[in-house]
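Me: I would like to understand how the labels given to parts of a structure follow from computed values. Could we go through some of them together, one step at a time?

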Amino acid sequence: MTSVPPERHPHLLNVIDVEATCWDGQPPPGAVSEIIEVGLTVVDLAAGERIARHGILVRPERSSVSPFCTELTGLTQDQVAGGVSFAEACRILRDEHAARTRAWASWGDYDRKQFERQCAAPGALYPFGRTHINAKAVFTGSHGLRRRPGMAQALGVAGLPLEGPHHRGEDDAWNIAALVLHVAGRGDWPEAPREEPSDR
């Protein structure tokens, strides 16, 4: 699928989910958690549809994919070694998916904070605008839940199927987008202002 220019669809939202290097316990000396996959689903809130999905594999520079990480995500070191650099992934989000001028959502704040951490290092420009929406918090409020559920649990609450393997960025973004539309259908999704590029 291809990206749709934001000026043609003012109600577009980017739903993002990332996977990152991880370990069963502490990371090896000198290693840090790095994004290895960015999943993106474009939602047309006005039409109530998921209109595009994308996956970007990202090559880690200060860590490698552990057996634990492969078991969790299905991604291997060989796969991500063929991915783009993190800086290039940020460029793709900005230039091909209108990330600077389109509001975005993720399930919780982990994805936003991971981008902020990695963009604090030289070489990568933060790809998003100012408007980030925590879909987990909005879903929790919409359903009056006492605790914020994980994505798979939320799908059960909403009566929606889990599509594709869990803990793959592209599939998780697709499923989170379904939850966004579910909340929007209940009239509880916040209306985001038209995004202006951030100063970052």
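Me: Which residues form one aromatic cluster here?

Reply: In this predicted model, one aromatic cluster is made up of Phe-86, Trp-104, Phe-115, Tyr-126 and Phe-128. By the rule that ring centres must lie within 6.5 Å, the count comes to five aromatic pairs.

Me: Why is the pair of Phe-86 and Phe-115 called tilted?

Reply: The ring centres of Phe-86 and Phe-115 are 5.8 Å apart and their planes stand at 35°. Phe-86 and Phe-115 are both buried.

Me: What makes the pair of Tyr-126 and Phe-128 edge-to-face?

Reply: For Tyr-126 and Phe-128, the ring centres are 5.7 Å apart, which is within the 6.5 Å required of a pair. Their planes stand at 75°, and because an angle over 60 degrees counts as edge-to-face, that is the name this pair receives. Both Tyr-126 and Phe-128 are buried.

Me: How do you know whether Gly-141 counts as buried or exposed?

Reply: Gly-141, which is found in helix α5, has a relative accessibility of 58%. Exposed means over 50%, so Gly-141 counts as exposed. The C-alpha atom of Gly-141 is separated by 13 Å from that of Val-180, a residue 39 residues apart from Gly-141 along the chain.

How values were computed: Residues numbered from 1 in each chain as written. Predicted model: local features only at pLDDT ≥ 70, side-chain atom pairs only at ≥ 80, totals over all residues. Heavy atoms only, no water. Helix = DSSP H or I, 4+ residues; strand = E, 2+ residues; numbered from the N terminus. Buried < 20%, exposed > 50% of the residue type's maximum accessible area, 1.4 Å probe, protein only. Phe/Tyr/Trp six-rings, centres within 6.5 Å; stacked < 30°, edge-to-face > 60°.
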